[in-house]
Amino acid sequence: IQVAEDAAAEREALLRFASMRCGGVVTVASRTGREFFSQLGGRSLPVVAVDPLEATGVDEVRTDRRAGMLAVVSHLHALGTRRLLGAEMSPEGTGYASQRLAALRFAARRFGWPDGAVGHWMSDQGTDMAAGAVLARDA
């Protein structure tokens, strides 16, 4: 389950799944904390949290964003890329967007890309429209 709205909507969705007697739940980028997850565990519902935004008290799988973005930049560098746009990523972003952007910039520095080679763009138009606008502007 990944619920983008907020923690309350996520808790509501998790309770619905628990009431359906599902076999277990995997959450992604959960905003729900340890207290709520302990309540779910009390229902004998197996829960695994992938990249939770806070400690959950259940089994967790976490991503190494720095290593992941280094792999991305390494691949793109080998293809000749020397500039990236992180659409819908912001240094002030919520969740992991700001961490991914910082990791992209770290990786770009490791490959000797100039400052400013990794930009970011936020838009209320959506990711594809935001990226398209920047690409058209810089063409």
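E2 and E3 run parallel and are joined by 3 bridges; strands are DSSP runs of type E with at least two residues, numbered from the N terminus, and two of them pair if DSSP finds at least two bridges between them. The model is predicted: local features need pLDDT of at least 70, side-chain atom pairs count only at pLDDT 80 or more, and totals for chains, interfaces and linings use all residues. Residues are numbered from 1 along each chain as its sequence is written, and side-chain values use heavy atoms, with hydrogens and water left out.

E1 (residues 25–28) also pairs with E2 (residues 47–50) in the parallel sense, over 4 bridges.

The open sheet has 3 strands in the order E1-E2-E3. E1 and E3 (59–61) are at the edges with a single partner strand each, so one side of each has no neighbour in the sheet. From one strand to the next the twist averages 25 degrees, taken between N-to-C directions of lines fitted to C-alpha atoms, on a scale from 0 to 180 degrees.

In E1, Val25 and Thr27 form the covered face, while Val26 and Val28 form the uncovered one. In a regular strand, side chains alternate between the two faces of the sheet.

Ala103 touches Arg65, Arg66 and Met69, leaving aside residues up to four places away in sequence; contact means heavy atoms within 4.5 Å.

Technical notes
Buried means under 20% relative accessible area, exposed over 50%, partly exposed in between (1.4 Å probe, protein chains only).
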